[in-house]
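This report walks through one protein chain, beginning with a single residue and ending with the chain as a whole. Please look at the sequence and the structure before reading on.

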Amino acid sequence: MLKKTVVLILAMVIFLSCDNKDRPPKPSNLIPKEKMADILYDLYIINAAKGVNRKVLEKRNLVPENYVLTKYEIDSIQFAQSNNYYAFDTEDYASIVESVKSRLEREKKEIEDLQKQEQVEAKRRRDSLKALNKEKREQKKVSKDSTTIK
């Protein structure tokens, strides 16, 4: 019985010691949540662009991550410390990531709507050109027929 109790207490101590991680210290230059969301948004966009336009970025010797850091006037250490601080609290970090995700989805929908409008406009122009060309062909045909009758 004593052996089982010691094993049980030892297992509980190990379990509790693993769960008791210390939160990273709050950085003195912690990036505010809203700004952190903006930074993550830009990083998501840039990572997507790197997948599509990697050669363009390489050709121009652009380092997108440096662009984001410069844009927000932060350095990589400040970003890493702030990211670690927010990531420790998964609910807090999830809310930041969720705001980025909803922004990406909202902008994706806006772009898709614009593309649909452009497609409708392009179809309207094509149809107008077809009708105009058809009318010109018919006029030429009528003109040709009237000259051959004389």
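Is serine 82 buried or exposed?

## Basis of the model

This is a predicted model, in which local features need pLDDT of at least 70 and side-chain atom pairs count only at pLDDT 80 or more, while totals for chains, interfaces and linings use all residues. Residues are numbered from 1 along each chain as its sequence is written, and side-chain values use heavy atoms, with hydrogens and water left out.

## Serine 82

Serine 82 is buried, its relative accessible area being 0%; here buried stands for under 20% relative accessible area, exposed for over 50%, and partly exposed for what lies in between, with a 1.4 Å probe and protein chains only. The residue belongs to helix α4, which spans residues 76-88, where helices are DSSP runs of H or I with at least four residues, strands are runs of E with at least two, and both are numbered from the N terminus.

Leaving aside neighbours within four places in sequence, serine 82 is in contact with Pro27, Asn29, Leu30, Ile31 and Met36, contact meaning heavy atoms within 4.5 Å. The side chain of serine 82 also reaches the backbone nitrogen of isoleucine 31, at 3.0 Å.

## Glutamate 73

Glutamate 73 lies in the loop between α3 (64-71) and α4, and this residue is exposed, with a relative accessible area of 72%. Its phi is near 55 degrees, which is a positive value in a residue other than glycine.

## Helices α2 and α3

The axes of helix α2 (residues 33-59) and α3 come within 9 Å and cross at roughly 145 degrees; such axes are lines fitted to C-alpha atoms, for helices over the stretch in contact, with angles that run from 0 to 180 degrees between N-to-C directions. The contact is made by residues of α2 including Ile39, Leu43 and Ile46, together with residues of α3, among them Tyr67 and Val68.

By class, this contact of α2 with α3 has seven nonpolar, one polar and four charged residues, where Ala, Val, Leu, Ile, Met, Phe, Trp, Tyr, Cys and Pro count as nonpolar, Asp, Glu, Lys and Arg as charged, and the others, Gly among them, as polar.

## The chain as a whole

The chain holds five helices and zero strands, and 17% of its 150 residues count as buried. Among contacts between residues at least 6 apart in sequence, 77% join residues at least 24 apart.

Key:
Polar contact = N/O pair within 3.5 Å; in protein donor to acceptor, adjacent residues only side chain to side chain.
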